[in-house]
Amino acid sequence: MRRNPLPALAVAVAGLCILLPVALLAVWSVAGRWPWPELWPESFSLRGFQELFASYNHTGALLLSSVGLSLTAAALATLVGAMTARALAFHSFPGKELVRFGALFPILVPGTVLAMGLHTVFLRLGLADTLAGVVVVHVITALPYTVSILTDVTQACGKNLEEQAAVLGASPARAFLHGTLPALAPGLLSAGSMAFAISYSQYFTTLLLGGGQVRTLSLVMVPYIQSGDRTLASLYALLFVGSALAVFAVLEGLIHLWTGGRKWN
Amino acid sequence: MKRLAPLLLLLPFLALMGLLLWAMGCALVQSLGYIPAFGLTELTLDYYQALFTDGTLTASLMLSLKVAFLSALSSTVLGTALCAALLALRRGRRGALLLVRLPILVPHTVTALFLIVLLSQSGLVARALYAGGLIDGQEDFPSLLFSSGGMGMLLAYLWKEIPFVAYFVAALMGSVRDTLGEAACNLGASPVRAFFHITLPLSLPAIGSAFLIIFAYAFGSYEVPLLLGSTLPKALPVQAYLEYTHPDLRHRPYAMAMNGFILLVSLLLALVYAWLLRRKLNAGRVVQ
């Protein structure tokens, strides 16, 4: 059969469109002078790095607190997602379809509506301009993804191991901990990665509900993109993408470690 | 205990949903002009009416609708094509799928920066055209990004959402292709025919969901129009935030009316989609 070259070509074009801008940012991040209409910088400099890591910018602390905030939100979204998934997978109760739909609902609520509506509520609850408030809105935003990933995984894992353990005399908690949890772990970590990616990218929700009290990398980066300092903006962007990839790599590594070469789906 | 178990498991979920519904309720009530704290106590539809009578607001509304619809439509079409191309790869499929996941990690704000360094009037593309003698200066390069037509926003959504659709649809399309699509080929259908008659129609539920997700996102997103939009007209979310933070607090119902409208359109679309899906599923059941 003759090979159709079209798919490979289409994927190559897509790959180029994805990678070219990233490469361009890498060049900008070390560009010294790069005036119009030069196609390549006239000089290179580390000004951006010096400014980014200058002590007054506290970039290290910002990075740590952003990752910490998003890992917290991801862990909570995964926990709530796993609990909801378990109820959906193993129990029948009135209004189950409503819960299934409700879990996807935050995807359909546009960002500004979510942020401004919650801001009004949080002002009353005393959660506006607090870290806790920002975590809550990030969890709500990530929840549809964790619930849908974990409902599939929970159903696929089934309850067999847990029931066998219970038959052999294990308490329900022990049966869950040693029976189902290990089988669920890879799914938990992939739901967690997705939730992390969503939380780490949040801009408007953090801006409005954090009220300037909660600073994240995603938030701090935007004025540089607006200001036109392309070198610093590029560095912040690369720092963002690089740190997100690093967290992802760690989570993927954990999945491998956990499953120890065993096959999982 | 047995009966209480699902309730206990659902408790945190229900609490979060409660917050979400409360938030939307607040937004809707305020959009009807009821904020006693600011001395507004009369329920009215005036603020919604303003969306359709005030020239600035109507322009914002039309711009946002247009950008959201075009982004969702072109991303789903091109993303589905990319997905089909990925699945048809004989070698390097794993690597390509990994690459496609990268834009999902990249926030929209960084995508805006990509477009600025590539396609602004001093961007790389303009420089390349100048070097090639195709334009005579920066001013000759069309100002794509901050134009009132919303081209910059559209491009940003395309960069982010085409790979998203490909990734989102891949699971369903892959399994349909490996089973029923393969069967059609074995029965003598050409790969192209098998794709358009079997694989594509059966992947439609995932494709439709992707359309809906992107539409709702692009319709209510703030950062993309903030960074790539024109000064006039402003996209609806940007205009809404301006009204929300307006020093005169009595402007808040305008912001909430815009939010209410964004929400209603997204929900209406979701309902239509759910209805279509159910009808399709029922039709499928009859055939089986």
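**Entry 1**

I started with helix α1 (residues 6-29) of chain A and helix α4 (residues 93-105) of chain B, which pack at an angle of about 40° with their axes 10 Å apart. I took axes as lines fitted to C-alpha atoms, for helices over the stretch in contact, with angles running from 0 to 180 degrees between N-to-C directions. The angle makes α1(A) oblique to α4(B); under 35 degrees counts as roughly parallel, over 145 as roughly antiparallel, 65 to 115 as roughly perpendicular, and the rest as oblique. On the α1(A) side I noted Val11(A), Gly15(A) and Ile18(A), and on the α4(B) side Ala96(B), Leu99(B), Leu102(B) and Pro103(B). Two residues are in contact here if their C-beta atoms, placed from the backbone, lie within 7 Å. Sorted by class, the contact of α1(A) with α4(B) has 6 nonpolar, 1 polar and no charged residues. For the classes, Ala, Val, Leu, Ile, Met, Phe, Trp, Tyr, Cys and Pro count as nonpolar, Asp, Glu, Lys and Arg as charged, and the others, Gly among them, as polar. I also logged the crossing of α1(A) and α4(B) as left-handed, meaning that the near helix is turned anticlockwise from the far one by less than a right angle.

**Entry 1: ground rules**

A reminder to myself: this is a predicted model, in which local features need pLDDT of at least 70 and side-chain atom pairs count only at pLDDT 80 or more, while totals for chains, interfaces and linings use all residues. Residues are numbered from 1 along each chain as its sequence is written, and chains are lettered from A and ligands numbered from 1 in the order in which they are written. Helices (H or I, at least four residues) and strands (E, at least two) are DSSP runs, numbered from the N terminus.

**Entry 2: the whole interface**

**Entry 3: chain A overall**

I found 11 helices and 0 strands in chain A. Its C-alpha atoms fill a box of roughly 75 × 65 × 35 Å, taken along the principal axes. Of the 265 residues of chain A, 43% count as buried. Buried is 20 or more other C-beta atoms within 10 Å of the residue's own, exposed is 12 or fewer, and partly exposed lies in between, with C-beta atoms placed from the backbone. Among contacts in chain A between residues at least 6 apart in sequence, I noted that 71% join residues at least 24 apart.

**Entry 4: helix α10 of chain A**

I then asked which residues of helix α10 (residues 217-227) of chain A are buried. They are Leu217(A), Ser218(A), Leu219(A), Met221(A), Val222(A), Tyr224(A) and Ile225(A). Their cover includes α3, α8 (172-201), α9 (204-210) and α11 (230-259) of chain A, together with α5 (108-119) and α9 of chain B. After α10(A) comes Gly228(A), with a positive phi near 90°.

I picked up a cis peptide bond between Trp36(A) and Pro37(A), with omega about 0°; Pro37(A) sits in the loop between α1 and α2 (47-52) of chain A. Another cis peptide bond joins Leu232(B) and Pro233(B), with omega about -10°. Pro233(B) is in the loop between α9 (223-228) and α10 (236-244) of chain B.

His58(A) is not a glycine, and I still read a positive phi near 50°. It lies in the loop between α2 and α3 (59-90) of chain A and counts as partly exposed, with 14 C-beta neighbours inside 10 Å. Asp129(A), also not a glycine, has a positive phi of about 60°. I placed Asp129(A) in the loop between α5 (111-125) and α6 (131-157) of chain A, partly exposed with 17 C-beta neighbours inside 10 Å.

Leaving aside neighbours within four places in sequence, Ile149(A) is in contact with Gly187(A), Ser190(A), Ala191(A) and Met194(A).

Ala89(A), in helix α3 of chain A, counts as partly exposed with 17 C-beta neighbours inside 10 Å. Not counting residues up to four places away in sequence, Ala89(A) touches Thr151(A), Thr154(A) and Gln155(A).
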